[in-house]
Amino acid sequence: MNLTARRAIDFPRFIADLRLPRYIDLVTIVASRTLKTRYRGSVLGVYWSLSLPLIMTAVYSLIFGTAFSANPYYHGSITNYILACFTGLVVINFFSATTTQALTSIVGSGSLLNKIRIPVSVFPISIVCANIFQLLVGALPVLIIVTLVTSHSPINAIALLIPLFSLIMVSTGFSLLASGLFVYFRDVPHLYEVVVFILWITSPIFYPPDVVPSVIRPYIELNPIVAVMNSVRQISLSGAFPNLHMMLLAVVSGIIVLVVGALFFLTIKADFMDLV
Amino acid sequence: MPVIDVENVTLRRRTQEELSYDLKRVVFAIVENKYRAPTKRRVLHNVNLKVERGEKIGIIGSNGSGKSTLLKLICGILQPTSGRIVVDGRIAPLIELGAGFDLDLSLIDNIVYYGVLLGFTRSEMKSRIDSVLEFAELYDHRNEPFKSLSSGMMARLGFAIATDIRPEILILDEVLSVGDESFRRKCTERIQRFWDAHSTIIVVSHDLAFIRNSCDRAIWIEKGEIVFDGPAAEGAAKYLASLGKENRARERDALIERARTHPRGELVVRGLTDDPEGHKMYLIRDGRKFWILDTEPYVRAGYTWSDVVHIDEAIIGAIPEGELVG
């Protein structure tokens, strides 16, 4: 119980909230509650999260597979198309599930925040952590197997963690941004759906990036998920040594989004308690 | 050296009514140059309060005067707009028991969850599961989901967790005893132990008899300012005298109106009868119907809602245990 020994409240709040052990405890219990209530005690439930990208991969492959895997795309191989589709979907699903769940997390915990002193950011961060856990037990093993099969190199399997870490940073940044905005504006979910759709469609998930007109392509690169997705695919599917430039691009995108999201969150959170 | 030092604290809060809650509208307003920044209402004004170790303080004041807000500031839930608050010691907030439970988790998971929310560490809570279950008399239910408990059992668990470790500073917001008669005795005993054990206690209560008998000092807050700070008996007497009959009626009607127009589900209004002991009555909104809840046998004794002379905070959602009287 460390609701503080000698606490001066005029001290900037977020520094006081950085008492790490307490923060970690809070995130752990909120994240594990999220997972436990989501799967109601069934261990297999976690694997259910894998079914969504698998089903969508199947649907995309059935509909677009033959058209898009014709030469010169995907080396004319439908297997390459299926793998590209799956990796893309794992990335975008992690992003959209995490940020959409995080969006309502602060407002949804409003009654709690009004009764107990908890750093507000615990709620979106816990959602991110719950989804990381799901990724670790669900899609990551599959990605690692694919990587080992194509590259025969454990270096690639380890390097895969770097763009995935960037994915977590991008998702955390958007989670903080969306959940913070939702405290102020209750119509954010509708707008956020549009944002997710734009990020989804501008990421080359089920289509080869080359079909996008070259005038448009530079703008698509602004989508931070594209950098992550490119790097994940290069490492797991190309069979080549991890491309450092692509990894760096992914990490930089992650850092930029995370910093913007966190700064935004810290600036607006002063009024949170009056509004939740 | 005071354990709690509230110095020149003023708190302004944005009022919920002014919220636009709509990004589209704000953007359009800015475009049309009609946007005005939200105003803030002053909730507490220049509050000074020093609490010494071991003091038992009762906070009194009418509905909406800022009592609970002051507790929230002391707990660190809210930050003062100006002034400073220094707290030396571990605070246990006992504000509305049960608010932090998860309905789907088992009791064991809930004990750890709720305990960590209250400020204990995870390992501390894991080692306390048994003693909490034992005190709450819920050992046989430990693996059941929380929602399978009756509301009395829920309150018992909440009380058991929050009071399992003796805190240095105990904050009570009108939650002194819960559950059935025998459990209520256990609660009173445990609270009494805190009382005897030189803990610092701050309690918000409308039970003036309780404040008179159990507290050393009363703080009376009116419209966000401290209007009295002194011996408990004197404070309680002055406060009671200030509640003119007209005032009481107006306050009651205003709250009933609020209950009637409140958009969100059920609403509970807690009030006091003019019985010298100041017993509680509850008015409950259930759909469009109003009920009086008989928690203490006052309705049966012929009291009706119009005998309620003083109205405590309106509580949204939480219906206390008792019998409904039409």
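Helix packing and confidence, questioned

Guide: In this predicted model, α5(B) and α6(B) cross in a right-handed manner.

Visitor: At what angle do α5 (residues 129–136) and α6 (residues 151–162) of chain B pack?

Guide: The angle is about 135°, and the axes are 9 Å apart.

Visitor: Why is α5(B) called oblique to α6(B)?

Guide: Angles over 145 degrees count as roughly antiparallel and 65 to 115 as roughly perpendicular, with the rest oblique. The angle here is about 135°, so α5(B) is oblique to α6(B).

Visitor: Which residues make the contact of α5(B) and α6(B)?

Guide: From α5(B) come Val132(B), Phe135(B) and Ala136(B), and from α6(B) come Arg156(B), Leu157(B), Ala160(B) and Ile161(B).

Visitor: What makes one residue of that contact charged?

Guide: Arg counts as charged, and Arg156(B) belongs to the contact. The contact divides into six nonpolar, no polar and one charged.

Visitor: What about chain A: at what angle do the axes of α4 (residues 78–103) and α13 (residues 224–237) cross?

Guide: In chain A, the axes of α4 and α13 cross at roughly 140° and come within 10 Å.

Visitor: Why is α4(A) described as oblique to α13(A)?

Guide: Roughly antiparallel requires an angle over 145 degrees, and roughly perpendicular ends at 115. The value is roughly 140°, which means that α4(A) is oblique to α13(A). The crossing of this pair is right-handed.

Visitor: Which residues of α4(A) and α13(A) make the contact?

Guide: On α4(A) they are Leu83(A), Ala84(A), Thr87(A), Gly88(A), Val91(A), Ile92(A) and Phe95(A). On α13(A) they are Ile225(A), Val228(A), Met229(A), Val232(A), Arg233(A), Ser236(A) and Leu237(A).

Visitor: How is the contact of α4(A) with α13(A) divided by class?

Guide: The classes are 10 nonpolar, three polar and one charged. Gly counts as polar, so Gly88(A), one of the contact residues, falls in the polar class.

Visitor: What percentage of the residues of chain B count as buried?

Guide: Of its 326 residues, 40% count as buried. Chain B has 10 helices and 14 strands.

Visitor: How confident is the predictor in chain B, by average pLDDT?

Guide: The average is 74, and 67% of the residues score at least 70. Over residues 262–267 of chain B the pLDDT is below 50, with 12 contacts beyond near neighbours in sequence. Residues 293–303 of chain B are also below 50, with 24 such contacts.

Visitor: What ipTM and pTM does the predictor give the complex?

Guide: The ipTM is 0.81 and the pTM is 0.79.

Definitions and conventions:
Residues numbered from 1 in each chain as written. Chains lettered and ligands numbered in written order. Predicted model: local features only at pLDDT ≥ 70, side-chain atom pairs only at ≥ 80, totals over all residues. Axes fitted to C-alpha atoms, helices over the stretch in contact; angles between N-to-C directions. Helix = DSSP H or I, 4+ residues; strand = E, 2+ residues; numbered from the N terminus. Parallel < 35°, antiparallel > 145°, perpendicular 65-115°, else oblique. Left-handed = near helix turned anticlockwise from the far one by under 90°. Contact = placed C-beta atoms within 7 Å. Buried ≥ 20, exposed ≤ 12 C-beta atoms within 10 Å, placed from the backbone. pLDDT = per-residue confidence, 0-100.
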